[in-house]
Amino acid sequence: MITRLQIDTNNADDIIYRTINIQGQNITLVYSEVLISGENVSELILKNLAKIIDEKITITTDLYTFFYNSLPSHNIKKIEDYTDLQTKLWNGYVIFILPDDSCFGMEIRASLDRGIGKAEAEVSIRGPKDAFTENFNTNLGLLRKRLKTSNLWTSTLMIGKQTQTKVGILYMQNIAEKKLITEIEKKLNKINIDGIIDSSYLKQYLNQESAIFPTIMTTERPDLAGMALLEGKIIIMIDNSPYALILPCFFIDFFHTPDDYYQKPINITFIRLVRLVAFFIAILIPAYYIAITTHNYDSITTDLLVNFLAQRKTVPFPALVEALLMTISFEILRESDMRMASTMGTAVSILGGLVLGDAAVSAGIISPIMIIVVAISAISGLVFTSIELTAAIRWWRIIFMILATLLGIYGIFLGIILLTTKLCSINAFNKPYLAPFAPFIFYEQKDSFIRLSNPKTIKKRNPLLTKKNQIRGR
């Protein structure tokens, strides 16, 4: 077995083979020095092996039992075959190979993860500051710390031929639909891929729709994941990824944040309506400007129209080309700002936003009003933390601009019909994407864009997510 492992690993330098003679018999310790804690090997294993010599324990029959009883807090498992040996070796186990070729492993994994830090992509204003990390057990602990109940069930499986990544399916067994859980498990079991590096790898296998709008939400906040579990949703957690997947998610979910439930409802109602307005501004404003400057001159006052046309007098491009140039320029600027080091990102933003923008206006390439229109549209899209939703807004903004160029205001109305039709046709794991508006669920309107001041009036859970336990507090 040792010879086979050496061949398969090409005698890797980080794989340590240490043979110890005890009572005239040789046992071999095999471990990867980059995955295990050397200090714990000396403290937990070597010191206990010294006890074996002093107490004269029979190795071939009692070594596993001795360690199992001596170190009850550690994960000690028997190894069934060679494949199991490899799996445990790459998961931070020290492998004990006994004289009769039987094996068992002791998990002494080194701490290769960062500590629990603050959420970076989803900033918490008044809520908890902790965020998921790359450690599966740590992330599970963050959820169990919040949901102190035996109803939080976890189902785990390994995905990836080469990575053998641990994937966990978390749900509240007294709330979540069994049918939905079974469907997700079937999809995950069908995945045949070399490796899973991040939770986003699973989205393309779980998504049923080819729609631009996301049907799976990604979060790094344990409080949001806990809220989703209580609603009957499913959480998928992946080892080595600080982001968990929430499914299914509806269109309205992207207008909600965990901080909405930590503030006064009247303030939250206003903020949610602002997000709704920002959504339409991000999509429609450039298209509306193109429409009124190319087709529908009579839709605004004469003074304002003359001002717009005077600013565009020296611009050599049509309004659509001008808008596309500014949109692409902003996306390049935003992408470079995201990829650069934080110390340089601010300088790049200032250079691109002020110097280049002012130079473009002075050169007569871009009109000042177009910079304002595209900037307002782009900033409105940044209200949402979901990258997938921001990308969807970007594509629909371009679609609306093309329709406005061809048909003017009528093109915008046609685009609204197409957008509404597309949203109504999306199914998130066989659930209508526009719920609770289509289909209309009356009591769900109490926590949609308007949040009622009395939480006691929101007594029921979403009937699309749970059938067996719809009353909250049970």
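Here are legends for a set of close-up views of this predicted model.

Residues count from 1 along each chain as its sequence is written, and side-chain values use heavy atoms, with hydrogens and water left out. Since this is a predicted model, local features need pLDDT of at least 70 and side-chain atom pairs count only at pLDDT 80 or more, while totals for chains, interfaces and linings use all residues.

**View 1. Phenylalanine 213 meets phenylalanine 251 edge-to-face.** A search of the whole structure turns up 13 aromatic pairs. To make that list, rings of Phe, Tyr and Trp (its six-membered ring) need centres within 6.5 Å; planes under 30 degrees apart are called stacked, over 60 edge-to-face, and the rest tilted. Here the ring centres of phenylalanine 213 and phenylalanine 251 are 6.0 Å apart and the planes sit at 80°, so this one is edge-to-face. Phenylalanine 213 comes from the loop between α7 (203–206) and β8 (217–219), and phenylalanine 251 from the loop between β10 (244–247) and α9 (265–294), so the pair ties together parts 38 residues apart in sequence. (Helices, H or I with at least four residues, and strands, E with at least two, are DSSP runs numbered from the N terminus.) Phenylalanine 213 counts as buried at 2% relative accessibility, and so does phenylalanine 251 at 7%. Buried here means under 20% relative accessible area, exposed means over 50%, and partly exposed is in between (1.4 Å probe, protein chains only).

**View 2. Phenylalanine 255 and phenylalanine 384 make another edge-to-face pair.** Centre to centre they are 5.2 Å apart, with 80° between the planes. Phenylalanine 255 is in the loop between β10 and α9, and phenylalanine 384 is in the loop between α13 (368–381) and α14 (387–407), so this pair bridges parts 129 residues apart in sequence. Phenylalanine 255 is buried at 0% relative accessibility, and phenylalanine 384 is buried at 5%. Zoom out a bit and you'll find one aromatic cluster made of Phe213, Phe251, Phe255, Phe279, Phe280, Phe384, Tyr433, Phe437 and Phe449.

**View 3. Lysine 88 has both a salt bridge to aspartate 84 and a spot over the face of tyrosine 93.** The salt bridge spans 2.8 Å, N to O; the term needs a side-chain nitrogen of Lys or Arg within 4 Å of a carboxyl oxygen of Asp or Glu. Lysine 88 and aspartate 84 are four residues apart in helix α4 (residues 82–89), so about one helical turn separates them. Lysine 88 is buried at 12% relative accessible area, as is aspartate 84 at 17%. As for the ring, lysine 88 is 5.8 Å from the centre of tyrosine 93. A charge sits over a ring if NZ of Lys or CZ of Arg is within 6 Å of the ring centre and within 35 degrees of the ring normal. Arginine 4 does this too, with its charged end 3.8 Å from the ring centre of tyrosine 82.

**View 4. Aspartate 259 pairs with arginine 221 in a salt bridge.** The N to O distance is 3.0 Å. The pair links distant parts of the chain, 38 residues apart: aspartate 259 is in the loop between β10 and α9, arginine 221 in the loop between β8 and α8 (222–230). Both partners, aspartate 259 and arginine 221, are buried.

**View 5. Arginine 272 and aspartate 447 form a salt bridge.** Their closest N and O atoms are 2.8 Å apart. Arginine 272 is in helix α9 and aspartate 447 in the segment after α15 (409–425), 175 residues apart. Arginine 272 is buried at 0% relative accessibility, and aspartate 447 is buried at 17%. Salt bridges with shared partners join Asp260, Arg272, Arg275, Asp447 and Arg451 into one network. The whole structure has 13 salt bridges.

**View 6. Serine 241 sits in the loop between β9 (234–238) and β10.** Serine 241 is buried, at 1% relative accessibility. Its side chain makes a 3.4 Å polar contact with that of serine 199. (A polar contact is a pair of N or O atoms within 3.5 Å; within protein, one must be able to donate a hydrogen and the other to accept it, and residues adjacent in sequence count only if both atoms are side-chain atoms.) A polar atom of the serine 241 side chain also lies 3.3 Å from the backbone nitrogen of tyrosine 243.
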